[in-house]
Amino acid sequence: MISLANPTRFLAIATAILPWLAVATVIALIIGLYLGFFVAPPDYQQGETVRIMFVHVPAASLALAGWTLMSIASLGVLVWKHPLADVAAKAAAPIGAVFAFVTLFTGALWGKPMWGTWWVWDARLTSMLVLFFMYLGVMALRAAIDEPARAARLVAILTLIGFVNVPIVKFSVDWWSTLHQGASILRMDGPAIHPTIFWPLMANMLAYALFFLTVHIVLMRAELRRRRIRSLRLMAVGA
Amino acid sequence: MLGLGPHAAYIIVSYGVAALVLLGLLIWAVALDRGASREVRRLEERRRQEAKP
């Protein structure tokens, strides 16, 4: 982390690893799609519709992981004053928002044939919707504040406060009586999914995680360059 | 349809919209990065030119 604190060094490392990361992402996505459509069997109750799980569940996991990443980065802004912390937080927000949207959209398309409804105001769905709005909120807050340092501090504080929603989303199915099914993967007793569905799900999780990482690094690089542009313009005006 | 059962449309639309949205995110990120890269090069070149005696 210390060695990555130098933005120039980070840019050099990012530029070097991005092509490999992109290739790994594409390969993982192809494998995930193949396993999800041609290897995983249909569910005994849901039939082929269970295949929506291979996009819905990874998207939900990464929507939560995105806010967690932003929260850790926010600690970096407020506590450790790490030079790249705010860059990482800013880059993660749009990606997390997109994954939260994909979660809600695919969830509705899964819910209609399975539950008979596009939407219910149960704890899981509602808290995930709140997470999506929180992503939009931090992006709007940052855009509304001109001074970058002040924006970084205020967004970091809001992000840390909003982190309370992450365990609410995760444990909502345990704490309240919900239509959404309970935890099947991260459970005290271990995964409750048959291996023929579990491993294709894990393959898709990896693929989406690699996608998140790739886009995150691209956006961090873009943000560092934008900050460099701002510095150069300020120097030109000062001269 | 396509051997995906009676709810095939829901499956296809799920994957289709997810793919479009994620692809859109990727294209936007790359466009932002490339635009910033071009602008940095332009400003640094201008600075070098102005620094020449």
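Predicted model: local features only at pLDDT ≥ 70, side-chain atom pairs only at ≥ 80, totals over all residues.
A crossing is left-handed if the near helix is turned anticlockwise from the far one by less than a right angle.

**Stop one: α1 and α7 of chain A.** Select residues 7–39 of chain A for helix α1 and residues 195–238 for helix α7. Their axes come within 8 Å and cross at roughly 155 degrees. Angles over 145 degrees count as roughly antiparallel, and α1(A) and α7(A) are therefore roughly antiparallel to each other. Their crossing is left-handed. Colour the contact by residue class and you'll get 24 nonpolar, 6 polar and 1 charged.

**Stop two: α2 and α5 of chain A.** Now pick residues 53–80 (α2) and 148–162 (α5) of chain A. Here the axes lie 8 Å apart, at an angle of about 135 degrees, which makes α2(A) oblique to α5(A). This crossing, too, is left-handed. By class, the contact splits into 10 nonpolar, 4 polar and 1 charged.

**Stop three: A:T106.** Jump to helix α3 (residues 85–115) of chain A and select A:T106. Is A:T106 buried or exposed? Its relative accessible area is 1%, so A:T106 is buried. Follow the side chain of A:T106 to two partners: the side chain of A:H56, in a polar contact at 3.2 Å, and the backbone oxygen of A:T103, at 3.4 Å. Leaving aside residues up to four places away in sequence, A:T106 touches A:I52, A:V55, A:H56 and, from chain B, B:S14.

Notes: Residues numbered from 1 in each chain as written. Chains lettered and ligands numbered in written order. Heavy atoms only, no water. Axes fitted to C-alpha atoms, helices over the stretch in contact; angles between N-to-C directions. Helix = DSSP H or I, 4+ residues; strand = E, 2+ residues; numbered from the N terminus. Parallel < 35°, antiparallel > 145°, perpendicular 65-115°, else oblique. Nonpolar A, V, L, I, M, F, W, Y, C, P; charged D, E, K, R; others polar. Buried < 20%, exposed > 50% of the residue type's maximum accessible area, 1.4 Å probe, protein only. Polar contact = N/O pair within 3.5 Å; in protein donor to acceptor, adjacent residues only side chain to side chain. Contact = heavy atoms within 4.5 Å.
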